[in-house]
Amino acid sequence: MQETLNYINENKQRFVDELFELLRIPSISADPAYKDDVLKCADVVAEHLKNAGSDNVEVCQTKGYPIVFGEKILDKNLPTVLVYGHYDVQPADPLELWKKPPFEPYIEKTELHPEGAIFARGSADDKGQFFMHLKAFEAMMKTHTLPCNVKFILEGEEEVGSVSLGDFVNENKEKLSCDCILISDTHIYSNEQPTVTTGLRGLSYVEVEVEGPNRDLHSGLYGGAVPNPIHVLSRMIANLIDEDGHITIDGFYDNVETVSNEDRAEMNKLKDNPEEFKKSIGLNGVEGEKGYTTLERTSIRPTLDCNGIWGGYTGEGAKTVIPSKAFAKISMRLVPYQTPEEITEKFTKYFEKIAPENVKVKITPHHGGMPYVLPTDTKEFLAAKQAMESAFGKEVLPYRGGGSIPITAMFEQVLGAKSVLMGFGLDSDAIHSPNEHYGLFNFYKGIESIPQFFENYSK
């Protein structure tokens, strides 16, 4: 292991330089204007896999963007780890809020990253994190210390719902067969308190439409006499959560997992600093479901949020209309034993029930995903915990994340393997936001931890 760590230390600057080249490619999967860049990025990732020592590297075509596959099979009797990541990134808008252009990476020191952080779209989500695996693999190959088989599956559609991944996995079960899956697309609690993510919430995402009059109306001629869809929709959304932070949808909590007091106490060993939490996002106070800590609200409890609302005239100047329609996008984060199908159906029935008779409503379901939990008594968790403790020199605690990675449940269902969520970012890395960044400390700790995970898991 020391030889591997020496190789990593000797090549740190080159690893960063190569990551910069990858970050310069605007592989935005959501915008067709960047199609050529996404395809170029897939080819570049494949080349990095080959250079690191992978065999059978393929850029596999799908109905959407390609999936990059590679493997190194030492001995079929050894365990096999499947590494998952994604090379596509979120759109960079609004561009004016970036300090520098989002696809021109640079390093800058911050309060949380005194050693410097890499600023660029995709630096933390997920190019910087999956690139750690390629460099850790390279280090093991160059020092002849790879202890088990490894496969890579790197997709280009994660930011648009992994629309082709399910079919690809189902059609390639033998190619992807493995004993566990290793994913770095999550974060740790802090650099002072490293964690392994042991749970993720699921997701139900819907778009709603409220229709009033059959056309936009003059607000002087009709104002005060007809329902305004924006007003109606706003009241309906406000009524989805009560004053105690409780979601009012009928039956919403029927299948929610009851987390034991012991597990809640273990979870709250993490040093929750309310003042630091508020400061980090520029708030004077927090809110949420009554009876739960901030840590619990963002991990073991389901939520409902309005992600966007629009209607009527929003251009320059004034246009005095009562709009015909108003729209909103709503997401619900789910916990174990809830399913997106169940919650979407309950939301639809309830939203239709609370709608006034003088408007029409339409609910359009979008993508969803199942929650996921990795038990802390599994060999996968223990291998990750011990690997990170070796790298950080500190106790590593279990941590349930609030986000969703729907493919984890799919992987387990199709491949029969548990996913280890060994991410190294921080929740302050501004992923999906302007000035996304990833600490050099975190990048290097990831590269150091991954070979130790392989060694621990193999044992």
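1. A UniProt annotation gives its positions in the numbering used here, its feature name is shortened, and it may be inferred rather than shown by experiment. With that in mind, the unreviewed UniProt entry lists residues 199-358 as "domain: Peptidase M20 dimerisation". The model itself is predicted. Over residues 199-358 the chain is 29% helix and 22% strand.

2. Val-259 sits in the loop between helix 8 (229-238) and helix 9 (261-267). Is Val-259 buried or exposed? Its relative accessibility is 12%, and buried means under 20%, so Val-259 counts as buried. Leaving out residues up to four places away in sequence, Val-259 touches Arg-264 and Ile-300. Val-259 and Pro-336 are 77 residues apart in sequence, while their C-alpha atoms are 10.0 Å apart in space.

3. Tyr-337 is in the loop between strand 13 (325-334) and helix 12 (340-354). Its phi is positive, about 85°, although Tyr-337 is not a glycine. The relative accessibility of Tyr-337 is 60%, and exposed means over 50%, so this residue counts as exposed.

4. His-432 also calls for a look at its backbone. Phi of His-432 is near 70°, a positive value in a residue other than glycine. The loop that holds His-432 runs between strand 17 (418-421) and strand 18 (437-439). With a relative accessible area of 40%, His-432 is partly exposed.

5. One joins Asp-93 and Pro-94, with omega about -5°. Pro-94 belongs to the loop between strand 3 (80-86) and strand 4 (106-108). Another cis bond runs from Asp-125 to Asp-126, with omega near 0°. Asp-126 lies in the loop between strand 5 (117-119) and helix 4 (127-142).

6. Next come the helix pairs. Two packed helices are described by the angle between their axes and the distance between the axes. For helix 2 (residues 12-23) and helix 4, the axes come within 11 Å and cross at roughly 135°. That angle makes helix 2 oblique to helix 4. The crossing of helix 2 past helix 4 is right-handed.

7. Which residues of helix 2 and helix 4 make the contact? Helix 2 contributes Arg-14, Phe-15, Glu-18, Leu-19, Leu-22 and Leu-23. From helix 4 come Lys-127, Gly-128, Phe-130, Phe-131, Lys-135 and Glu-138. By class, the contact of helix 2 with helix 4 has 6 nonpolar, 1 polar and 5 charged residues.

8. Helix 13 (residues 379-392) and helix 15 (residues 440-458) pack at an angle of about 135°, and their axes are 8 Å apart. At that angle, helix 13 is oblique to helix 15. Helix 13 passes helix 15 in a right-handed crossing.

9. The residues of helix 13 in this contact are Lys-379, Glu-380, Ala-383, Ala-384, Gln-386, Ala-387, Met-388, Ser-390, Ala-391 and Phe-392. On helix 15 they are Phe-441, Lys-445, Glu-448, Ser-449, Gln-452, Phe-453, Asn-456 and Tyr-457. How many residues of each class does the contact of helix 13 with helix 15 have? It has 9 nonpolar, 5 polar and 4 charged residues.

Terms used. Residues numbered from 1 in each chain as written. Predicted model: local features only at pLDDT ≥ 70, side-chain atom pairs only at ≥ 80, totals over all residues. Heavy atoms only, no water. Helix = DSSP H or I, 4+ residues; strand = E, 2+ residues; numbered from the N terminus. Buried < 20%, exposed > 50% of the residue type's maximum accessible area, 1.4 Å probe, protein only. Axes fitted to C-alpha atoms, helices over the stretch in contact; angles between N-to-C directions. Parallel < 35°, antiparallel > 145°, perpendicular 65-115°, else oblique. Left-handed = near helix turned anticlockwise from the far one by under 90°. Contact = heavy atoms within 4.5 Å. Nonpolar A, V, L, I, M, F, W, Y, C, P; charged D, E, K, R; others polar.
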